[in-house]
Structure formats: C-alpha cells, structure tokens
Amino acid sequence: MLQPLGIPIPGYLIQTFDNHNVMVDSGLPHEFINNPPGPLGPLQLQVEMREEDHIVSRLASIGLKPEDINYLVSTHFDIDHAGNHELFVNAEVVAQLEHYEAAIAGHARSQRAREFWNADHLSYHLIEGDVTLLPGVELIKTSGHVIGHQSVLVRLPNTGPVLLTIDAVPTAGMMDGDTRMIMDNDEDEAATRASTRKLAEIAAREGVRLIIHGHDAEQWPTLKHSPEFYD
Ligand SMILES: [Zn+2]
C-alpha cells in the first residue's frame, strides 16, 4: 500500500485449466519492508509493506513458490511492478520488446529496478503488440504511462472477460481517454489517452464485466484478494 491514501500495489495470479501459473507483475522488493524508500510515485506517498504483503508470502499463502510460476507477465519495469522479478527462475518473463529495449538502453525510470528485471538468470520472451499468451490470456500493448507498457485481458469461465488495465488506467475515474487526468509519471500524454481509448473499446467490444485498475484505492476493497479468487 501507499499511505495515507491506501493505494494498492497488486500482482495477479492466473491459473489455467492445463496447469499453467501466470503471474502478472512481481510487486515491491523485499528490502522495502524494513527499509521503506522515500516518498514514491507522483503523489509522493509512503510505502507501507508488511512481510505478509510481499509476493513470496502472498504466493505461499496459496501453496505456491515463485519457482512454480511458468510465465511472469511484466507489464513494465517500474519498481512497484518489477521489484521481485529475479525470484521467478523457472518462468518465461514476457515483456514488450519496445519496453525491454528502452530499459536495456538506459531508459531512466527503469534503472531503479534493474537489478531485479535484468538478473542474468532470467529468461525473456519479448513480444510486439497485442499477443495471445495462452488461450484466454491476451496481452495488450498500452504505451503512454511508459513506452511498451502492457495490459492483460483474461477470459474466465464464470466471471467472463476481466481486463487488468495496470497503469494504463490506474483508477476507474480515468477510463475516459478524452477527459482523464494525466499523472506526472505518464511519460507520453497523447499515447496515454490513446491507450485509454483502446482499453475502453476492448472493454465494450468484449463485454468485459470486471475492469481491475492498477492503483485504485476505492476499488481495492471491493475486489477479491487471494486466497479468494475469480473463477
Ligand atoms: Zn504502478
């Protein structure tokens, strides 16, 4: 959480019927538990993180370890999304080529978490544009917040299509591409608006019944959190 506003920093686990474990993002690094960084993000809020909030604890609470994850979908390399990538030793790390290449070349904001996303032992699967990762798991390129950001559309049997906007649309109040607020850390305003429109169009076209936003303090208490799940 970022406090005092209670802004969540989530990751998402998707489990397929053929036993693939797909993790979307890896959250803040363990070192922040006892050693919180200074104010974080465009609102300059404080990180509040307990041992049980860390991704290893969250996975353990449902009987999983990072080694059990087959795919780590990396939406982007900001530290609140990529702070534990190095733990996913058996996963294919799936990122947009454009994002990865910019980060490797020194794109400034990605360097803070570089030791995690650029660990030597990680195996990357770099994609370009909108790609079906597995049946029912679609990756949607949504540049703007950062170059090569990606969002995720998951088709669940009972819940129906669920859209994880991630930071392309961090709160429900920003779903209108024309009027939405642009945050200080959205690096390209026009692209951010275009990606917001793209996600709104997908939500309408696909009949999405649940749009989960990346950092929405109001939405967070209304969502199921692990060990609860959407089926
Ligand atoms: Zn974020």
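# A tour from strand S2 to the zinc site

Select Tyr-12 and Val-24: Tyr-12 stands opposite Val-24 in strand S3. This is a predicted model, so keep that in mind at each stop.

**First sheet**

Show S2 and S3 whole. S3 covers residues 21-24, and the two strands pair in the antiparallel sense over four bridges. Strands in a sheet are held to each other by backbone hydrogen bonds, in parallel or antiparallel fashion.

Now widen the view to the open sheet of five strands. Its order is S2-S3-S5-S6-S7, with mixed pairing. Look at the edges: strand S2 (12-15) and strand S7 (123-127) have a single partner strand each, so one side of each has no neighbour in the sheet. Neighbouring strands here are turned by 25° against each other on average, direction ignored.

**The loop between S2 and S3**

Go to Asn-19, in the loop between S2 and S3. Its phi is near 65°, a positive value in a residue other than glycine. Most residues other than glycine have a negative phi. Is Asn-19 buried or exposed? Asn-19 is exposed, with a relative accessible area of 68%.

Select strands S8 to S12. These five strands form an open sheet in the order S8-S9-S10-S11-S12, and the pairing is mixed. Strand S8 (131-134) and S12 are the edge strands, each pairing on one side only. The twist from one strand to the next averages 25°.

Zoom in on strand S9 (residues 137-141) and strand S10 (residues 150-156). They pair in the antiparallel sense over five bridges. Pick out Ile-140: its bridge partner in S10 is Ser-151.

Next, pick Ile-166 in strand S11. Phi of Ile-166 is near 55°, again positive in a residue other than glycine.

**His-213**

Move to His-213, in strand S12. His-213 counts as buried, because its relative accessibility is 6%. Which backbone oxygen does the side chain of His-213 reach? That of Val-169, at 2.9 Å. Display the residues that His-213 touches; among them are Tyr-12, Ile-166, Val-169 and Met-175. Tyr-12 is the residue where the tour began, opposite Val-24.

**Zinc site**

Centre on the zinc ion. Which residues coordinate the zinc ion? Asp-80 (OD), His-81 (NE2), Asp-167 (OD) and His-215 (NE2) do, at 2.1 to 2.3 Å. Along the chain, the donors follow the spacing D-H-x85-D-x47-H. Asp-167 is in the loop between strand S11 (160-166) and helix H5 (189-206), and His-215 is in the segment after strand S12 (210-213), so this pair ties together parts that are 48 residues apart in sequence. Asp-167 and His-215 are both buried.

**Two cis peptide bonds**

Finish with two prolines. Most peptide bonds are trans. Select Gln-3 and Pro-4: a cis peptide bond joins them, with omega about 10°. Pro-4 is in the loop between strand S1 (2-3) and S2. Then select Ser-226 and Pro-227, joined by a cis peptide bond with omega about 10°. Pro-227 is in the segment after S12.

How values were computed:
Residues are numbered from 1 along each chain as its sequence is written. This is a predicted model: local features need pLDDT of at least 70, side-chain atom pairs count only at pLDDT 80 or more; totals for chains, interfaces and linings use all residues. Side-chain values use heavy atoms; hydrogens and water are left out. Donors are N, O and S atoms within 2.8 Å of the metal (3.2 Å for Na, K and Ca); water is not among the atoms, so sites may look incomplete. Buried means under 20% relative accessible area, exposed over 50%, partly exposed in between (1.4 Å probe, protein chains only). Two strands pair if DSSP finds at least two bridges between them. Axes are lines fitted to C-alpha atoms, for helices over the stretch in contact, and angles run from 0 to 180 degrees between N-to-C directions. A polar contact is a pair of N or O atoms within 3.5 Å; within protein, one must be able to donate a hydrogen and the other to accept it, and residues adjacent in sequence count only if both atoms are side-chain atoms. Contact means heavy atoms within 4.5 Å. Lists of a residue's contacts leave out its neighbours within four places in sequence.
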